[in-house]
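This report describes a single protein chain through its packing, surface, charged pairs and strand pairing. The sequence and structure come first.

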Amino acid sequence: MATPLTDQEKRKQISIRGIVGVENVAELKKGFNRHLHFTLVKDRNIATPRDYYFALAHTVRDHLVGRWIRTQQFYYEADPKLGLDMEELEEMEEDAGLGNGGLGRLAACFLDSMATLGLAAYGYGIRYEYGIFNQKIRDGWQVEEADDWLRHGNPWEKARPEYMLPVHFYGRVEETSQGPKWVDSQVVLAMPYDTPIPGYMNNTVNTMRLWSARAPNDFNLKDFNVGDYIEAVLDRNLAENISRVLYPNDNFFEGKELRLKQEYFVVAATLQDIIRRFKTTKKGSPVRTSFESFPDKVAIQLNDTHPAMAIPELMRILVDIEKLDWDTAWELTKRTFAYTNHTVLPEALERWPVELLEKLLPRHLQIIYRINQVHLDSIAALYPEDMEKLRKMSLIEEDGCKRVNMAHLCIVGSHAVNGVAEIHSNIIKTDVFRNFSELEPDKFQNKTNGITPRRWLLLCNPGLAEVIAEVIGEDYVKDLSQLEKLKDFVDDTALIREVSRVKQDNKAKFAQYLEKEYRVKINLSSMFDVHVKRIHEYKRQLLNCLHIITMYNRIRMNPTAPFVPRTVIIGGKAAPGYHMAKMIIRLITAVADVVNNDPAVGSKLKVIFLENYRVSLAEKVIPATDLSEQISTAGTEASGTGNMKFMLNGALTIGTMDGANVEMAEEAGEENLFIFGMRVEDVAAMDKMGYDAMSYYKRIPELKHVMDQIMSGYFSPKNPDLFKDITDMLLKFDRFKVFADFEDYVKSQEKVSKLYQNPVEWTKMVIRNIAATGKFSSDRTITEYATEVWGVTPTDLKIPPPNEPREAIEETARALKKM
């Protein structure tokens with residue numbers, strides 16, 4: 001007799017059915033057995049775990065395909081406006097790391113929401129053969145290994161060679177009687193691979209299309225003499241290298257020719273694909289030849305400046321190929337594009353050398369120059385003789401090597417510009433892009449980021465999802481604002497007990513993982529203090545490390561004093577060429593070695609550096625976290641989304657008033673977060689006055705002790721000068737002012753420890769935080785983009801399932817058009 005399912009297992013099956021579109025899990029099992037039988041020819045004894053994974057994946061895909069086709073038929077019938085999100089996407093199934101840090105993961109959340117909201121949306125990116133590197137920690141150092149994520153194939157994708165498209169590079173511009181013509185270019189083919197993106201409980205399956213570079217059959221053969229056939233074939237790699245590997249830099253611009261090729265490759269292929277779809281209308285209707293309605297049917301969101309070349313590329317298509325006049329083409333282009341800025345760090349803003357653009361994309365450089373001339377003429381008319389304003393607002397920077405400022409191109413070529421949190425949007429309006437916002441104030445908006453609750457609660461934390469559903473019902477999964485209802489249950493003894501139980505269960509499960517992987521015995525009664533994100537100076541993992549050493553010193557100096565045990569978990573990848581970030585990892589691992597092996601410390605304090613932090617690991621650590629570290633220097637983190645994931649999963653936040661932390665504090669009440677440190681205006685004032693790190697070093701004894709230990713080689717006895725670059729930076733040229741916030745950070749951590757000693761009051765604060773996370777759903781973010789930028793309306797209409805006749809689609813499409 002089968003063991004009865006628990007309520008939690010039943011709800012998980014409901015979630016699976018909602019996404020996969022099957023009436024019961026037994027259907028999946030039938031398909032699974034069929035695929036397994038086909039693959040293994042009846043002999044299950046030779047089955048490997050990967051065989052079982054592929055059998056299950058193909059079974060789920062089979063169930064999605066019918067709805068996928070039905071969704072595309074519905075869009076074809078309804079002919080809705082397309083909301084498009086052009087950005088490399090990451091984190092599917094086997095951690096296909098196709099994007100960098102939070103930006104790629106954000107795109108994945110947005111795709112989930114667009115499908116769930118019934119938007120006719122496509123996600124475009126590059127199908128990198130090697131994603132972001134796998135991180136290994138060897139002797140305390142980060143070592144990069146290739147992420148060969150396709151070595152076993154990808155069961156979710158479908159190659160679409162019938163939609164392969166040419167992309168051109170190099171060549172020259174020839175002036176003809178019909179206008180400029182780009183000639184003698186080198187062709188690379190873009191092969192699309194489609195992945196289904198299912199919505200939740202609505203039968204919608206949208207498409208993510210990733211492009212892979214292919215050399216044409218005659219690639220470069222003409223350049224080789226007879227007998228050089230082998231060299232000619234090998235030379236094909238030059239073309240196919242475009243989609244070979246993802247540049248692993250986060251918040252840092254790397255101005256290399258291959259990266260520019262990648263950026264143009266994805267936008268050139270994507271725009272051809274969009275225009276093909278725009279021209280192909282319903283059966284029986286004439287093919288669209290006029291582009292007058294293009295912005296009414298197509299919306300393209302530029303996520304950061306990586307796809308900025310889409311602006312001159314669309315102008316090239318409209319002017320050179322479709323033969324529209326310049327002014328008409330420019331008006332259509334601006335109405336089509338919108339730009340999201342994701343960073344204010346100067347080193348992250350893309351500025352491509354004119355010399356490189358002239359070589360690689362000569363026609364596009366001409367178009368950019370003309371866009372800039374028209375732009376500057378309009379500014380000169382408004383501000384005659386203000387040469388400084390012209391210089392600051394130009395698309396072309398003249399200092400030293402002439403460069404194209406891609407952020408300026410995006411602003412000028414878009415009808416809407418937004419930041420990703422209120423504080424960030426204000427900074428780009430009043431500081432980074434102040435001249436542009438003063439010129440066109442209505443163009444600038446805010447769209448605070450969000451996360452999908454389907455992945456970041458239902459799938460990664462089913463225990464907590466179950467507890468919440470028992471109290472307020474299941475509708476919150478598609479309307480996260482309903483979590484507000486939990487405010488009425490903050491003092492409910494049963495809810496406090498259940499939330500605490502789920503957290504402890506998650507901690508126990510994660511502790512098992514840590515003990516297995518790192519051979520460190522975890523104290524389950526300790527606070528899980530977690531700081532996971534890309535390693536960068538502005539994210540201030542160093543501030544956390546200084547606090548760890550401070551706690552260690554306090555234990556050593558007074559072993560019998562009361563101490564709230566902590567397990568401090570830090571994880572993240574450093575860009576391979578980012579020396580300081582790699583040194584920060586080395587310092588953390590060195591401190592961990594000392595702390596974890598000191599018998600005087602025992603189980604009071606443990607430090608773990610999580611190797612190869614990625615989505616699948618985030619899904620383990622986030623539900624187990626007690627304290628979330630969000631401690632960037634105020635004014636440097638655009639938004640953050642990890643902060644939202646921790647909040648939704650029942651962690652309390654210690655953080656600065658930066659990024660989305662500000663809105664989290666507004667929603668939950670600042671008293672329900674541990675806010676510390678300088679505000680944006682304090683940082684600005686200190687920048688004017690001058691930051692003197694040495695004054696803090698001399699004034700704060702605990703800080704001086706910590707720094708002296710690092711400088712003396714306490715944590716690196718075999719090489720006392722190992723961390724000299726870190727200590728020199730902190731004392732002499734720290735852009736992110738770690739010492740200025742140290743004292744307040746330590747005091748705030750003491751408040752954290754005090755509250756943790758009162759489990760009931762801690763859990764009440766946890767419930768208040770969960771109840772306040774409704775704003776941070778990506779469904780809310782996408783609804784704002786759709787209605788305020790793209791000009792489309794989300795719908796809760798359910799597409800008829802594949803077993804219903806085609807007429808049902810037509811009826812639903814008619815209903816959509818009436819809305």
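## Basis

The model is predicted: local features need pLDDT of at least 70, side-chain atom pairs count only at pLDDT 80 or more, and totals for chains, interfaces and linings use all residues. Residues are numbered from 1 along each chain as its sequence is written, and side-chain values use heavy atoms, with hydrogens and water left out.

## Nonpolar cores

A nonpolar core is a set of buried Ala, Val, Leu, Ile, Met, Phe, Trp, Tyr and Cys residues joined through side-chain atoms within 4.5 Å. Buried means under 20% relative accessible area, exposed means over 50%, and partly exposed lies in between (1.4 Å probe, protein chains only). The largest nonpolar core holds 244 residues. Within this core, the residues with the most contacts are Phe169, Phe265, Tyr476, Phe510, Leu610, Phe739 and Trp790.

With neighbours within four places in sequence left aside, Tyr476 is in contact (heavy atoms within 4.5 Å) with Leu457, Leu458, Ala465, Ile468, Ala469, Gln482 and Leu483. Another core lies apart from the largest one and has 8 residues, including Phe54, Ala57, Trp156 and Val205.

Leu816 is part of helix 32 (residues 806-818); helices (H or I, at least four residues) and strands (E, at least two) are DSSP runs, numbered from the N terminus. With a relative accessible area of 18%, Leu816 is buried. Not counting residues up to four places away in sequence, Leu816 touches Phe74, Ala78, Thr795 and Leu797. Its C-alpha atom is separated by 9.7 Å from that of Thr793, which is 23 residues apart from Leu816 along the chain.

Tyr247 sits in the loop between helix 6 (237-240) and helix 7 (257-279). Its relative accessible area of 16% makes Tyr247 buried. Tyr247 and Ala575 are 328 residues apart along the chain, and their C-alpha atoms are separated by 9.0 Å.

## A nonpolar surface patch

Tyr229, Ile230, Val233 and Leu234 make a nonpolar surface patch of about 410 Å². Patches are made of residues with over 30% relative accessible area and no salt bridge; like charges are joined within 9 Å, and nonpolar side chains (Val, Leu, Ile, Met, Phe, Trp, Tyr) within 5 Å. Accessible areas come from the Shrake-Rupley method with a 1.4 Å probe, and for residues only the protein chains shown count as cover.

Tyr229 belongs to helix 5 (residues 229-234). This residue is exposed, with a relative accessible area of 55%.

## Salt bridges

A salt bridge is a side-chain nitrogen of Lys or Arg within 4 Å of a carboxyl oxygen of Asp or Glu. By this rule, there are 49 salt bridges. In one of them, the side chains of Asp184 and Arg172 meet at 2.8 Å, N to O. Asp184 lies in the loop between strand 8 (179-183) and strand 9 (186-198), and Arg172 in strand 7 (residues 172-176), so the pair ties together parts that are 12 residues apart in sequence. Asp184 is exposed at 56% relative accessibility, whereas Arg172 is partly exposed at 41%.

Arg351 and Glu397 form another salt bridge, with the closest N and O atoms 2.8 Å apart. This pair links distant parts of the chain, as Arg351 is in strand 13 (residues 351-353) and Glu397 in strand 14 (residues 396-397), 46 residues apart. Both residues are partly exposed, Arg351 at 24% relative accessibility and Glu397 at 23%. The salt bridge between Glu761 and Lys764 has an N to O distance of 3.5 Å. These two residues are separated by about one helical turn because they are 3 residues apart in helix 30 (residues 759-771). Glu761 is partly exposed at 32% relative accessibility, while Lys764 is buried at 15%.

An open sheet is formed by 6 strands in the order 20-19-18-21-22-23, with parallel pairing; two strands pair if DSSP finds at least two bridges between them. Strand 20 (605-610) and strand 23 (674-675) are the edge strands, each pairing on one side only.

Strand 19 (residues 566-571) pairs with strand 20 in the parallel sense over 6 bridges. Arg566 stands opposite Leu605 in strand 20.
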